[in-house]
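I opened this entry to keep track of what I looked up, in the order I looked it up. The structure comes first, and my notes follow.

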Amino acid sequence: MRTAYSVQTVRAAERALMAKLPQGALMQRAAAGLAAACADVLRRRGRVYGSRVVLLVGSGDNGGDALYAGARLARRGAGVRAVLTSQGRAHEGGLAALLAAGGRVAEGDAATSAWGGHIDLVVDGITGIGGRGGLRAEAAELVRDFGATGAAFVAVDLPSGVEADTGEVLGDAVRADATVTFGTYKPGLIIDPAADLAGALHLVDIGLGPELPDVPDLEALQYADVAALLPVPSSESDKYRRGVVGIVAGSARYPGAAVLAVSGALRGGAGAVRYVGPGAGAVIARHPETLVHAGPPSKAGRVQAWVVGPGLGDGTEAVEAVRGVLAADVPVLVDADGLRLLDATAVRARTAPTVLTPHAGEAAALLGVPREEVEAGRLAAVRELAARYRATVLLKGSTTLVATHTGDTPVRVNSTGTAWLATAGSGDVLSGLTGSLLAAGLAPRDAASVGAYLHGLAARHASNGAPVAAQDVAEAMAAAWRDVRA
């Protein structure tokens, strides 16, 4: 499990650890890890000895980390110049160490011209996890100038200019090729849009773990976590014990949504799929094992979970279908058109679990805010939706977020997705898949998290770097299951 903690929590843990260590020991641990990661980058670009390194140094501890790391690189034969971005202020001990190792302090233009514009590595130590509101104009200009040299950028703990706690980017920020973070991940490293600026993540163990709370602010499932949650049939299982998921999807205008949602459900681990809606002919033609019914959902037979909404349209029958499904005393997943038609009061009043799966535009409509506000502040949006609707919310996107309304569990982040998933019908497959996991017995938070994880893996298998269609993703689901269980 990859976990992330807020700035406040990290600061408290650092204070507790520093009280147990000799003065400066924590910074030296961080600098050693940073220097090792920078050396790896330089080796991939040629070698450490004789390389040219610029440190962008702010006045805080991040600048100190960069200076001490620069001193280590200088002792290995790298040419190192520090550009001080805070009116000449810098960590005194770090600056002394750099100068003693043969490093220099330079103005920004001098650091560039001294080497004829050839720089191998820029280390971003401008601001730390306490930075707010984007880079100041002078720092942003430096970042642009050094970015134009083609040098690799390594960020210290967090790319300067991004919001550590939220993943927001409120102004100019560094785009790093890699970020070396210390002790634990920070939310901004794994939530877009900031995560897109972090590059490859390297976590340096500085001994912070024992000082951190057991419950993080965010967590991201890894292969082993997903494998432990997957519903696997036993020798006693039959199709009904494995769970039956009901799918209410499709319309005369969007019959394909029914096929795609059923495709996802059939590959999700439940024992059977019941389909209700006008797309029965198309569904049976593609998936003859599906149990179909003309409706209403309450007459279709017993299910352990419902999925409602993909391609449903907005007619009277669609409204009644959503109302009928929400009245059922089983877990319900609402997606797409169902999100536009649901009654918030009815959702909050449900005693069985509800899962909502909006993309940014749908989330914005549910919250009554502009789409851009959701995209810029995804963590706040998913938490607010979960609280307002008393539901588990899966907010789709390049990093999918899953939040519960109870507030006592970490928000889950999934990053297995690929930009090729931004295609018509992809969300319908995810809805069917997640609904099937609900019917198979997974808790709503687990079903949503595992569904997003498998959906992303399947897309990677189907795409392999090329355009992919939603049905391709569904058909690659078996490969995703095999990956996780391998």
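**Cis peptide bonds.** I started at Pro296, which is found in the loop between strand 12 (291–293) and strand 13 (305–308). Helices (H or I, at least four residues) and strands (E, at least two) are DSSP runs, numbered from the N terminus. The peptide bond from Gly295 to Pro296 is cis, and its omega is near 5°. I noted another cis bond from Asp192 to Pro193, with omega near 10°. Pro193 sits in the loop between helix 7 and helix 8 (195–198).

**What I am looking at.** This is a predicted model, in which local features need pLDDT of at least 70 and side-chain atom pairs count only at pLDDT 80 or more, while totals for chains, interfaces and linings use all residues. Residues are numbered from 1 along each chain as its sequence is written, and side-chain values use heavy atoms, with hydrogens and water left out.

**The whole chain.** I counted 21 helices and 18 strands in the chain. The radius of gyration is 26 Å, close to the 23 Å that the globule rule gives for 486 residues, so the chain is as compact as a globular protein of that length. The radius is taken over C-alpha atoms, and the rule is 2.2 Å times the number of residues to the power 0.38. Along its principal axes the C-alpha trace spans about 80 × 45 × 45 Å. Of the 486 residues, 56% are buried. Buried means under 20% relative accessible area, exposed over 50%, and partly exposed in between (1.4 Å probe, protein chains only). I also looked up contacts (heavy atoms within 4.5 Å). Among those between residues at least 6 apart in sequence, 69% join residues at least 24 apart.

In which order do the seven strands of the open sheet lie? I read the order as 4-3-2-5-6-7-8, with parallel pairing. Two strands pair if DSSP finds at least two bridges between them. Strand 4 (104–105) and strand 8 (200–204) are the edge strands, each pairing on one side only. Helix 2 (residues 25–45) packs on this sheet and touches strand 2 (52–57), strand 5 (121–125), strand 6, strand 7 and strand 8. The direction of helix 2 makes about 170° with that of strand 6. Axes are lines fitted to C-alpha atoms, for helices over the stretch in contact, and angles run from 0 to 180 degrees between N-to-C directions. Strand 6 (residues 152–156) and strand 7 (residues 178–182) run parallel and are joined by three bridges. Ala155 stands opposite Thr179 in strand 7.

**Strand 16 and its partners.** I then turned to strand 16 (residues 392–395), which is covered on both faces. Thr392 and Leu394 are buried on one side, and Val393 and Leu395 on the other. Strand 15 (residues 354–356) runs parallel to strand 16, with two bridges between them; Val355 has Thr392 as its bridge partner. Strand 17 (residues 400–403) runs antiparallel to strand 16 and is joined to it by three bridges. Here Leu394 has Val402 as its bridge partner. A hairpin through four residues connects strand 16 to strand 17.

**Salt bridges.** How many salt bridges does the structure hold? I found 16. A salt bridge is a side-chain nitrogen of Lys or Arg within 4 Å of a carboxyl oxygen of Asp or Glu.

- Lys186 forms one with Asp157, the closest N and O atoms being 2.9 Å apart. Lys186 lies in the loop between strand 7 and helix 7 (187–190) and Asp157 in the loop between strand 6 and strand 7, so the pair ties together parts that are 29 residues apart in sequence. Lys186 is buried at 0% relative accessibility, and Asp157 is buried at 5%.
- Arg43 forms one with Asp40, with the closest N and O atoms 2.3 Å apart. Both lie in helix 2, three residues apart, about one turn of the helix.
- Glu219, Arg412, Arg445 and Asp446 are linked in a network of salt bridges.

**Positive phi.** Asp157 came up again, with phi near 75°, a positive value in a residue other than glycine. Ala336 is not a glycine either and has a positive phi of about 50°. I located Ala336 in the loop between strand 14 (332–334) and helix 13, and it is buried at 15% relative accessible area.
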